[in-house]
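Here's a quick look at how two chains meet in this model. Have the structure open while you read.

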Amino acid sequence: MTTHEIHALAGAYAVDALDDLERARFEEHLAVCAECRTEVLSLQDTTLLLSDLTSVAPPSSVRDQVMADIKKVRPIPPALARIERHRPRRWTNLIAAAAVLGVLGGGAVVIQQVREDDSTSQQDQVSRVLAAADVQHWNVDFRSGASATLSRSVSVGRAVLVARSMSPAPSGKVYQLWLRKGGEMVPAGLMNGGAQQSTVLMDGNANDATGAGITVEPAGGSTSPTTTPIALFDFAQTSAVRDL
Amino acid sequence: MSSLQPVSSGDPSPEETGVAAHLAGCLRRSARGDEQAFAELYDATSARVHGLVLRVIRDPAQAEEVTQEVFLQVWRTAARFDEAKGSALAWLMTLAHRRAVDRVRAAVAVTRQDTSYHQNSQTLPHDSTAEAVEASMEARRVRSALLELTSVQREALELAYFGGYTHTEVATMLDLPVGTAKTRIRDGLIRLRDAMGAGQ
């Protein structure tokens, strides 16, 4: 698509009518095109008129749940968001920004959950997820005969990946796990493969994830996927309950 | 609470400005962890959010989940709202719409049953005899403004905004040449914007 043609996507973008690839390309374009940014904002404003037509109050249980959820989650600090506005939002920059705030004594909140659990409590968490009454499972079978099961318990708030017969990751590479949150793939752990069974407690709160994925990344992992996922889990699909 | 008025293309009325400023203030305070401010924001906007999510996702249980997720994301990321770039309501509804569309697309492979969009549940008036279920004055104004769009523009907007379809899918469904649906969507929005602005 030519640069000239990409402007034509502004209308579709404003109503989320682009596929993932077009959306990513258009967002790259938005970063450098003020005219499109202005148009998108105006059109998004116009879509408010459409949502005038469909108001439906949610049950009070939703309010109760939301108010309970927010007590467990800290908002991104305003100072950090201001820094983000002037720099592309990549994990490496966010972590560097947090370090700067720390040096200045700003009491920066660590954005990504630091893995402070020792191996014993990680094992506890894995067991709690797998034994929880509300655990859900999603399974992927690979052509090689390997398989992977992602298990999530909302009451525990974590997800676990169990991979069976995964061949070792290529030399210099690693399997990386992701949780899909708000349209982005968020890093959630690394795995080597090569064992009959590997179990990984995925990083972070799994309750606001809409899915998960596995990619092959350079050793040490990446801040966002650099390759096409080898497996994708979609939490919107009915899970299969099975004995592991 | 009276229905919220979006900021339209003309000069906002004092009431609109007041509502918009209140929401922006709630969002700013939420970013600092003010749960009371966030509760006010929720109470002012949850029907709009949930109604849209429900229309896109259709399944009430999933819609409730997504509405919850949306507000949690609003809480977590409130500091990213930049007042210079549009209203708090637009920021919030853009976030909500995107999550609803992402969720429904993830479910497409298994459960999408919208193969015929000629169901009775069309949201936008397709002819002048469509029942106006919405009582609010604002909604009535929007419905009559929509009648100024061509039927293709209206249908394209319906499928894209409320159906969560991509513009290429919309082109196929409406039997349009590839690439023209995105123009219809854009033109429809502009015409709607102008029709509402002219009526001030």
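Start with one pair: Arg23(A) and Asp102(B) join their side chains in a salt bridge, at 3.3 Å from N to O. The term covers a side-chain nitrogen of Lys or Arg within 4 Å of a carboxyl oxygen of Asp or Glu. Across the interface of chain B and chain A, the rule finds seven salt bridges.

Before going on, note that this is a predicted model, where local features need pLDDT of at least 70 and side-chain atom pairs pLDDT 80 or more, while totals for chains, interfaces and linings use all residues. Residues are numbered from 1 along each chain as its sequence is written, chains are lettered from A and ligands numbered from 1 in the order written, and side-chain values use heavy atoms, leaving out hydrogens and water.

Here are the totals for the two chains, with contact meaning heavy atoms within 4.5 Å and buried area meaning the accessible area (1.4 Å probe) that two parts lose on being put together, summed over both.

| Item | Value |
|---|---|
| Chain B in contact with chain A | 74 residues of chain B, 59 residues of chain A |
| Area buried between chain B and chain A | about 6,100 Å² |
| Part of that area from carbon and sulfur atoms | 60% |

Of the area that chain B buries against chain A, Arg76(B), Arg80(B) and Arg98(B) supply 11%, more than any other three residues.

Then there's Ser87(B), which is buried (under 20% relative accessible area, 1.4 Å probe, protein chains only), at 15%. Leaving aside neighbours within four places in sequence, Ser87(B) is in contact with Asp45(A), Leu48(A) and Phe81(B).

Conventions: Buried < 20%, exposed > 50% of the residue type's maximum accessible area, 1.4 Å probe, protein only.
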